Amino acid sequence: GVEVYGLVGMDFLGRSVFRVDPDRGEIVFLRSPGADPGRRLAATLEDKVPHVRVQLSGLAEPQSFLVDTGCAPGGGTGLMRADTFDALGGRGRITPIDTVQAASLAGQSVRRRGRVAEVGLNGHRHSGLIFSAAQRNVLGVNYWARYVATFDFAGGAVYLRKSSRFDRPDTHDLSGLSVLRVGGRTVVAAVDDGTPAARAGIRVRDVILKVNGANAGDMTLTAVRRLLAQKGTKVAVLLARGGEERETSVALPE
């Protein structure tokens, strides 16, 4: 639901010092990290792409994760190599959630998701973050937004100060509903069998007009998904199907 005209990549960012501040809603390009940019985290370039070392509860050695300021396909905090995901699962350090359809430039896939017991970066620790099993390790924007992060890849470092989102829990869609923004309309792309959305009678190609009384077209898709992640609530939905409007409610589980 957000217009994107391109990507700013490492050919530019690798030579820059820049700060991403989610509390102020801004990105600032700097001459240097400054006198007190936060706790320093070593960053290395692997094939010209930045990586950091992440300690996962249940594994003796830190794991290398790609630094990505985009959203990880499948949602949550990031991606995790399938063999690492399975190893943590075997040690009881991942709680499985579900499987989710994901789409990226590489194509479509189905990913397993789970909550990781503990993730640590240079003393910063988080519990219950959601990762999807994939071919590589990635920390996405949902992780970095927990900090005011200053990136100095040429200097081999990321500096982290806690933002207001530091303790925000990872949430995930509980409805079984996948939506897309098509021509300004919020369109149902998929409904998983046996889920609250299916029980509410929502079908593929339905157009969502309102969610809890608010015009869906005025909301970002992220805001819509956030409503569908609130445990134990009922979400009122106004649909358009075949030229008719229909009202229903999606009862989300506890």
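A: Let's start with exposure: a residue is buried under 20% relative accessible area, exposed over 50%, and partly exposed in between (1.4 Å probe, protein chains only). D47 counts as exposed, at 77% relative accessibility. Please keep in mind that this is a predicted model: local features need pLDDT of at least 70, side-chain atom pairs count only at pLDDT 80 or more, and totals for chains, interfaces and linings use all residues. Residues are numbered from 1 along each chain as its sequence is written, and side-chain values use heavy atoms, with hydrogens and water left out.

Q: Where does D47 lie, and what is its phi?

A: Helices (H or I, at least four residues) and strands (E, at least two) are DSSP runs, numbered from the N terminus. D47 lies in the loop between β3 (39-46) and β4 (49-56). Its phi is positive, about 55°, although D47 is not a glycine. N122 is another non-glycine residue with a positive phi, here about 50°. You will find N122 in the loop between β9 (119-121) and β10 (124-126). N122 is partly exposed, with a relative accessible area of 42%.

Q: Let's turn to charges. How many salt bridges does the structure hold?

A: Side chains of opposite charge can pair when their charged atoms come close. The term salt bridge is used for a side-chain nitrogen of Lys or Arg within 4 Å of a carboxyl oxygen of Asp or Glu. By that rule the structure holds 7 of them. One is between the side chains of R24 and E26, with 2.9 Å from N to O. R24 is exposed, with 60% relative accessible area, while E26 is partly exposed at 30%.

Q: Which residue forms a salt bridge with D98, and which strands do the two lie in?

A: The partner of D98 is R113, and their closest N and O atoms are 2.9 Å apart. D98 lies in strand β7 (residues 94-104) and R113 in strand β8 (residues 107-116), so the pair ties together parts that are 15 residues apart in sequence. D98 is partly exposed, with a relative accessible area of 26%, whereas R113 is buried at 7%.

Q: And D170 and R146: are they buried or exposed?

A: Both D170 and R146 are buried. They form a salt bridge too, with the closest N and O atoms 3.0 Å apart. This pair links distant parts of the chain, 24 residues apart: D170 is in the loop between β14 (157-162) and β15 (177-182), and R146 is in the loop between α3 (141-144) and β13 (147-152).

Q: What does the side chain of R241 make a polar contact with?

A: A polar contact is a pair of N or O atoms within 3.5 Å; within protein, one must be able to donate a hydrogen and the other to accept it, and residues adjacent in sequence count only if both atoms are side-chain atoms. The side chain of R241 makes such a contact with the side chain of D206, at 2.8 Å. R241 sits in strand β19 (residues 234-241) and is buried, with a relative accessible area of 16%.

Q: Back to β1. Which strands is β1 joined to?

A: Two strands pair if DSSP finds at least two bridges between them. Strand β1 runs antiparallel to β13, with 4 bridges, and R19 has T150 of β13 as its bridge partner. Strand β1 also runs antiparallel to β2 (residues 26-30), with 5 bridges; there, V20 stands opposite I27. The β1 and β2 strands form a hairpin with 4 residues between them, and G25 in the turn has a positive phi of about 65°. Strand β1 (residues 17-21) is mostly covered, with 4 of its 5 residues buried.

Q: Which residues form the nonpolar patch on the surface?

A: They are V8, F12, I27 and F29, with about 420 Å² of accessible area together. Patches are made of residues with over 30% relative accessible area and no salt bridge; like charges are joined within 9 Å, and nonpolar side chains (Val, Leu, Ile, Met, Phe, Trp, Tyr) within 5 Å. The areas come from the Shrake-Rupley method with a 1.4 Å probe, and for residues only the protein chains shown count as cover. F12 is in helix α1 (residues 10-13) and is partly exposed, at 42% relative accessibility.
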